[in-house]
Amino acid sequence: MTYLDMDGVLADLVGAVIRHTGLPMPTYYGEWAKYDFDWVIPDEIILNMEVGVGARELIAQYPDACILTAAPLSSARLRWLSDNGIHLGILSVVDKYVMCTPGDLLIDDCPENCRLWESRGGWAILWDQPWNRSVK
Ligand SMILES: [Mg+2]
């Protein structure tokens, strides 16, 4: 099975948050945690996300993939997927690695998710983003 991350892969959540808040681009994964936000992201930000750079090509390459996200499946997220013509299955789990069986592929922008996935016998591709380049 192939799993595609939503935020930071299929959807440009960071870009939408930057447009909404004026925050600078994060330089490492999880940097925004230092701001101690309430991380319930407003629907208007979710609905303002652009499709990620390269995401359409990724979906074309893996048309049977499933979206694997740690974010709650809000109605705004489901609407965003529908509005953008993304009709993949979707699973929401807090710890993504529990879904891994050996040989499964995960494409994700979070270095730790990729590391844990591979520790379970899966293949992981760290999706290139400004906030994960320092760990390559
Ligand atoms: Mg992500």
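**Reading a predicted fold**

Modeller: Strand 6 (105-108) and strand 7 (123-126) are among the elements that cover the buried residues of helix 5. Keep in mind that this is a predicted model.

Biologist: Which residues of helix 5 are buried?

Modeller: Helix 5 spans residues 111-119, and its buried residues are N113, C114 and W117. Down the helix axis they fall within an arc of 100°, so they line one face of the helix.

Biologist: What makes W117 count as buried?

Modeller: Count its C-beta neighbours. W117 has 25 inside 10 Å. The cut-off for buried is 20 or more. The count of 25 meets that cut-off, so W117 is buried.

Biologist: Which residues does W117 contact beyond its neighbours within four places in sequence?

Modeller: Those contacts are K96, Y97, C100, L106, G122 and A124. A contact needs C-beta atoms within 7 Å. The C-alpha atoms of W117 and V51 are separated by 24 Å, and the two residues are 66 apart along the chain.

Biologist: Why is M1 called partly exposed?

Modeller: M1 has 16 C-beta neighbours inside 10 Å. Buried needs 20 or more, and exposed needs 12 or fewer. The count of 16 lies in between, so M1 is partly exposed.

Biologist: Where is M1, and what does M1 touch?

Modeller: M1 sits in the segment before strand 1. Not counting residues up to four places away in sequence, M1 touches C66 and D104. The C-alpha atoms of M1 and A65 are separated by 6.8 Å, although these residues are 64 apart along the chain.

Biologist: How do you know that strand 1 and strand 4 pair?

Modeller: Pairing needs at least two bridges. Strand 1 (residues 2-4) and strand 4 (residues 66-69) are joined by 2 bridges, so they pair, and they run parallel. In strand 4, Y3 has C66 as its bridge partner, and L4 has I67.

Biologist: What joins strand 4 to strand 5?

Modeller: There are 4 bridges between strand 4 and strand 5 (residues 89-92), again running parallel. L68 stands opposite L91 in strand 5. With helix 4 (residues 75-83) between them in the unit's path, strand 4 and strand 5 make a right-handed β-α-β unit.

Biologist: What order do the strands of the sheet take?

Modeller: The open sheet has 5 strands in the order 5-4-1-6-7, with parallel pairing. What makes strand 5 and strand 7 edge strands? Each pairs on one side only. From one strand to the next, the twist averages 25°.

Biologist: How many helices and strands does the protein have?

Modeller: The protein has 5 helices and 7 strands. From the N terminus the elements run β-β-α-α-β-α-β-α-β-β-α-β.

Biologist: Why is the protein called as compact as a globular protein of that length?

Modeller: The radius of gyration is 14 Å, and the globule rule gives 14 Å for 136 residues. The two values are close, so the protein is as compact as a globular protein of that length. The C-alpha atoms fill a box of roughly 40 × 35 × 25 Å along the principal axes.

Biologist: What share of the residues counts as buried?

Modeller: Of the 136 residues, 27% count as buried.

Technical notes: Residues numbered from 1 in each chain as written. Predicted model: local features only at pLDDT ≥ 70, side-chain atom pairs only at ≥ 80, totals over all residues. Arc of directions from axis to C-beta. Contact = placed C-beta atoms within 7 Å. Right-handed = clockwise from strand over helix to strand, strands pointing away. Rg over C-alpha atoms; globule rule 2.2 N^0.38 Å. Axes fitted to C-alpha atoms, helices over the stretch in contact; angles between N-to-C directions.
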